[in-house]
Amino acid sequence: MYGAYVLRVLTRSADFRRLFLAEVIVFGADWFVMVPLLVLLNRETGQGLWGGLALAVETGTVALLLPYAGTIADRFNRKHILIASNLSALVAVGGLFLVRGPGAGPIALVALGALAAAKAFYTPAANAAVPNLVDPADMGPAMAVNGTAWGTMTVVASSLGGVVTEWLSPYACFGLVAVSLATSALLTSRIKRPTQDALPAVSRPAFAAIREAMGYLRREPRLLALVTVKSAVGTGNGLLATFPLIAATFGVGARGLGLMFAVRGLGSVVGPFLFRAALARPHWLFPALALSMSTYGLVYLGVAGAAWFPLVLAGIFLAHAAGGGNWVMSNYAIAQEVPDELRGRVNATDTMIAMLAVTVSQLVVGAFVDSVDWRVLVACCGVTTLSYAVGWFLVTRRIPVQVPAAALAD
């Protein structure tokens with residue numbers, strides 16, 4: 001049973017368990033900040049534009065820094081990077097308490113940019129560390145479990161963020177995030193197992209190391225396909241900027257907005273387990289990736305026409321179940337095929353491409369969110385993702401199947 005493997009990887013590896021719990025906290029902080037901040041910006045500025053810009057600044061900052069951050073993850077102690085990122089994020093959260101009055105929008109963007117910069121260094125180091133904290137036989141379950149961390153905390157943090165915002169204030173959420181980040185740093189400090197095989201004996205310039213990773217990707221068509229697959233969902237992700245407007249249309253307030261993000265996270269938790277069969281069968285992988293992308297686009301076309309809020313929630317869940325499966329399937333395949341000394345940079349490149357797609361989508365939607373009906377914007381995002389999925393499948397269908405070094409056990 002797969003559940004037995006999941007339980008085993010969490011109970012047998014104390015260090016993986018510590019990293020997983022630390023990641024849960026970090027990902028929870030993302031949405032325990034973002035949902036209250038979107039509500040706060042809408043209240044202080046009266047415009048949806050600032051919410052779209054906030055989402056774009058977060059993803060754009062991460063995308064721009066990821067190539068360098070991935071190099072750092074391969075050149076320095078990953079455990080130390082994780083702790084430093086947690087503490088830097090804690091400092092950045094302090095700036096969110098200044099988001100008020102006429103300058104609320106610009107202040108929020110600066111604080112969120114600093115928070116995103118810390119996250120940019122955390123993500124590739126954490127992803128690259130996972131295979132070193134578990135035994136080879138546990139790698140598949142560990143990747144699947146690790147892939148649920150973001151979705152799990154999107155559910156919890158988005159729901160609680162909406163409730164705490166209405167019950168207390170957005171600033172109370174920011175305070176709780178600061179305490180949580182300190183806890184994450186403490187958990188990470190207790191990891192004993194090495195987080196990489198060995199630090200490089202010779203330190204090369206960062207951009208030379210980045211060029212090495214890019215050269216490796218150019219020689220591997222299968223990896224090129226895998227690092228571009230997440231962009232399908234990314235190109236449609238600008239529709240998140242319409243979530244506050246959808247909540248206002250249906251009169252569900254901050255709690256409804258939090259529920260929308262929570263359902264999105266729940267789908268991301270369930271998706272990896274729905275698609276996990278493709279991890280054990282290499283010839284299923286690319287068709288399953290194309291199916292997941294197409295499902296995301298088609299379901300959001302349905303959301304654009306929904307007239308009942310529960311149907312909107314159901315659509316968000318289904319779309320992001322497909323998106324979550326897409327993310328974990330590609331992450332697993334990349335982790336199986338990339339050597340440890342390049343894993344941080346390749347992971348960073350993979351996430352960077354996806355984040356750039358998300359940023360462009362959010363900027364475009366944010367530019368129109370105050371002047372175009374949200375249903376039109378959501379439909380356009382759905383069509384964009386669906387078109388990308390079809391094009392990706394046609395381009396990659398001739399790439400030969402390669403059997404990974406280790407397959408996920410049934």
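**Buried and exposed sites in a predicted model**

Good morning. I begin with Cys381, which is buried at a relative accessible area of 5%, where buried means under 20% relative accessible area, exposed means over 50% and partly exposed lies in between, with a 1.4 Å probe and protein chains only. The model is a predicted one, in which local features need pLDDT of at least 70 and side-chain atom pairs count only at pLDDT 80 or more, while totals for chains, interfaces and linings use all residues. Residues are numbered from 1 along each chain as its sequence is written, and side-chain values use heavy atoms, with hydrogens and water left out.

I turn to the disulfides. A disulfide is taken as a pair of cysteine sulfur atoms within 2.5 Å, and by this rule the count is zero. Cys380 takes part in no disulfide, and its nearest cysteine sulfur, that of Cys381, is 7.0 Å away. Cys380 is partly exposed, with a relative accessible area of 44%.

Next, the core. A nonpolar core is a set of buried Ala, Val, Leu, Ile, Met, Phe, Trp, Tyr and Cys residues joined through side-chain atoms within 4.5 Å. The largest such core has 60 residues, of which Leu37, Phe243 and Tyr300 touch the most other members. Its largest share, 10 residues, comes from helix 2 (residues 14–45); helices are DSSP runs of H or I with at least four residues, numbered from the N terminus.

What does Tyr300 contact, leaving aside its neighbours within four places in sequence? With contact meaning heavy atoms within 4.5 Å, the partners of Tyr300 are Leu239, Phe243, Ile316, Ala319, His320, Val378 and Gly382.

Gly315 and Tyr300 are 15 residues apart in sequence, and their C-alpha atoms are 6.6 Å apart in space. Gly315 belongs to helix 15 (residues 309–337) and is buried, at 7% relative accessible area. Residues up to four places away in sequence aside, Gly315 touches Val299 and Val303.

Ser292 is part of helix 14 (residues 282–304). Is Ser292 buried or exposed? Ser292 counts as buried because its relative accessibility is 0%. Beyond residues up to four places away in sequence, Ser292 touches Phe275, Ala322, Asn326 and Met329.

Finally, the surface. Trp167, in helix 6 (residues 139–167), is exposed, with a relative accessible area of 64%. Thank you.

Definitions and conventions. Helix = DSSP H or I, 4+ residues; strand = E, 2+ residues; numbered from the N terminus.
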